[in-house]
Amino acid sequence: MAASLQPRLRVDRQQILAFRQRVGALDERMPKGAQSLRRAAWAGLQDSMPRAALLSLHARVHGIGSSTLDDPSLAQLWGPRYNAYVVAKRDFALFSLGRLPDDAKGASGPSARPSSCTRISPGGE
């Protein structure tokens, strides 16, 4: 039985931080473009404080301006605990499906309706 155990992976703090920066697209800023915006928003960017997602995009992508959230490759939806999130438009269905209730009982309550989801407008509405 002892022969089937794998040795523990040993990583230090610097390796962990470097990994987190790389997968979060924070190790180096990407050139501006739809592909970079999709990669930056792949896991959703919280936008509960107005324009927080814009700041997150600015940290990841060169050339972000105040109208970047109008880009058709991005979408906004309600996330957990009624926070707004910016996601890649092509991942919108996946994120919104995760907001639906798991069972019929949850589906009958008022909070079970699918979240209001719209493309972001300049005013954030």
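This is a predicted model: local features need pLDDT of at least 70, side-chain atom pairs count only at pLDDT 80 or more; totals for chains, interfaces and linings use all residues.
1. Start at helix α1, residues 13-23, where Asp12 caps the N-terminal end. One of the side-chain oxygens of Asp12 sits 3.2 Å from the backbone nitrogen of Gln14. Past the other end, just after α1, look at Ala25: its phi is positive, at about 60 degrees.

2. Next, the largest nonpolar core, which has 14 residues. The members that touch the most others are Leu45, Leu57, Ile64, Leu69, Leu74 and Val86. Helices α2 (34-40) and α3 (52-60) each put in at least two residues, and α3 gives the most, with three. As background, nonpolar side chains in soluble globular proteins tend to be buried together.

3. If you're checking electrostatics, a search of the whole structure turns up one salt bridge. Arg51 pairs with Asp47, and their closest N and O atoms are 3.7 Å apart. Asp47 counts as buried because its relative accessibility is 5%, under the 20% cut-off. Arg51 is partly exposed, at 25% relative accessible area.

4. You'll find Thr68 in the loop between α3 and β2 (74-78), and with 5% relative accessibility it counts as buried. A polar atom of the Thr68 side chain lies 2.9 Å from the backbone nitrogen of Gly65. Leaving out residues up to four places away in sequence, Thr68 touches Lys32, Leu37, Leu54, Leu57 and Leu74.

Conventions. Residues are numbered from 1 along each chain as its sequence is written. Side-chain values use heavy atoms; hydrogens and water are left out. A polar contact is a pair of N or O atoms within 3.5 Å; within protein, one must be able to donate a hydrogen and the other to accept it, and residues adjacent in sequence count only if both atoms are side-chain atoms. Helices (H or I, at least four residues) and strands (E, at least two) are DSSP runs, numbered from the N terminus. A nonpolar core is a set of buried Ala, Val, Leu, Ile, Met, Phe, Trp, Tyr and Cys residues joined through side-chain atoms within 4.5 Å. Buried means under 20% relative accessible area, exposed over 50%, partly exposed in between (1.4 Å probe, protein chains only). A salt bridge is a side-chain nitrogen of Lys or Arg within 4 Å of a carboxyl oxygen of Asp or Glu. Contact means heavy atoms within 4.5 Å.
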